[in-house]
Amino acid sequence: DPNNASHLIRLYRMGCEFVQTGVLQVERPDAKELLVIKRGGWTLERVRQEAARLEEKMKLSKETSTLPHYPDIWAINIWLTKHHLLRFNQGEKYVR
């Protein structure tokens, strides 16, 4: 299914970028290429080759990543609690 193929490639690329840079880039610079994949512009073999290449890239990126091995659960809980309370206390006025 081309739609799933597009998601596979996008998620692998985003994962590699995040592990390398620590930044999650949601707005994709490769959006046009991903749309081509989604519309069936890539063969299944090409999708498989790119996925295999990106899987290997992810393995290598993890070895050199400067990201911590584990998330800071305490900081995450504080952030989530703060934003949940802001949303609850301000109702619809809450701005992200």
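User: Which residues make up the largest nonpolar core here?

Analyst: General idea first: a nonpolar core is a set of buried Ala, Val, Leu, Ile, Met, Phe, Trp, Tyr and Cys residues joined through side-chain atoms within 4.5 Å. Buried means under 20% relative accessible area, exposed means over 50%, and partly exposed is in between (1.4 Å probe, protein chains only). In this structure, the largest nonpolar core has eight residues in all: A5, I9, L34, I37, W42, V47, A51 and L54. Keep in mind that this is a predicted model, where local features need pLDDT of at least 70 and side-chain atom pairs count only at pLDDT 80 or more, while totals for chains, interfaces and linings use all residues. Residues are numbered from 1 along each chain as its sequence is written, and side-chain values use heavy atoms, with hydrogens and water left out.

User: Which elements give two or more residues to this core?

Analyst: Helices (H or I, at least four residues) and strands (E, at least two) are DSSP runs, numbered from the N terminus. Here the elements are helix 1 (2-21), helix 2 (31-38) and helix 3 (44-64). Helix 3 brings the largest share, three residues.

User: What is W42 in contact with?

Analyst: Contact means heavy atoms within 4.5 Å. Leaving aside neighbours within four places in sequence, W42 is in contact with I9, R13, E33, V36, I37, V47 and E50.

User: And P2, which residues does that one touch?

Analyst: Not counting residues up to four places away in sequence, P2 touches I37, K38 and G40. You'll find P2 in helix 1, and at 36% relative accessibility it counts as partly exposed.

User: What does D30 pair with, and is D30 buried or exposed?

Analyst: D30 forms a salt bridge with R13, with the closest N and O atoms 2.8 Å apart. D30 lies in the loop between helix 1 and helix 2 and R13 in helix 1, so the pair ties together parts that are 17 residues apart in sequence. D30 is buried, with a relative accessible area of 13%. R28 also forms a salt bridge with D30, the closest N and O atoms being 3.0 Å apart, and both R28 and D30 are buried.

User: Where do R13 and E50 lie?

Analyst: R13 forms a salt bridge with E50, and their closest N and O atoms are 3.4 Å apart. R13 lies in helix 1 and E50 in helix 3, so this pair ties together parts that are 37 residues apart in sequence. R13 is buried at 12% relative accessibility, and E50 is buried with a relative accessible area of 12%.

User: Which residues form a nonpolar patch on the surface?

Analyst: Patches are made of residues with over 30% relative accessible area and no salt bridge; like charges are joined within 9 Å, and nonpolar side chains (Val, Leu, Ile, Met, Phe, Trp, Tyr) within 5 Å. Here I73, I76, W79 and L80 form one, with about 410 Å² of accessible area together. Accessible areas come from the Shrake-Rupley method with a 1.4 Å probe, and for residues, only the protein chains shown count as cover. L80 sits in helix 4 (residues 73-90), and L80 is partly exposed, with a relative accessible area of 44%.

Definitions and conventions:
A salt bridge is a side-chain nitrogen of Lys or Arg within 4 Å of a carboxyl oxygen of Asp or Glu.
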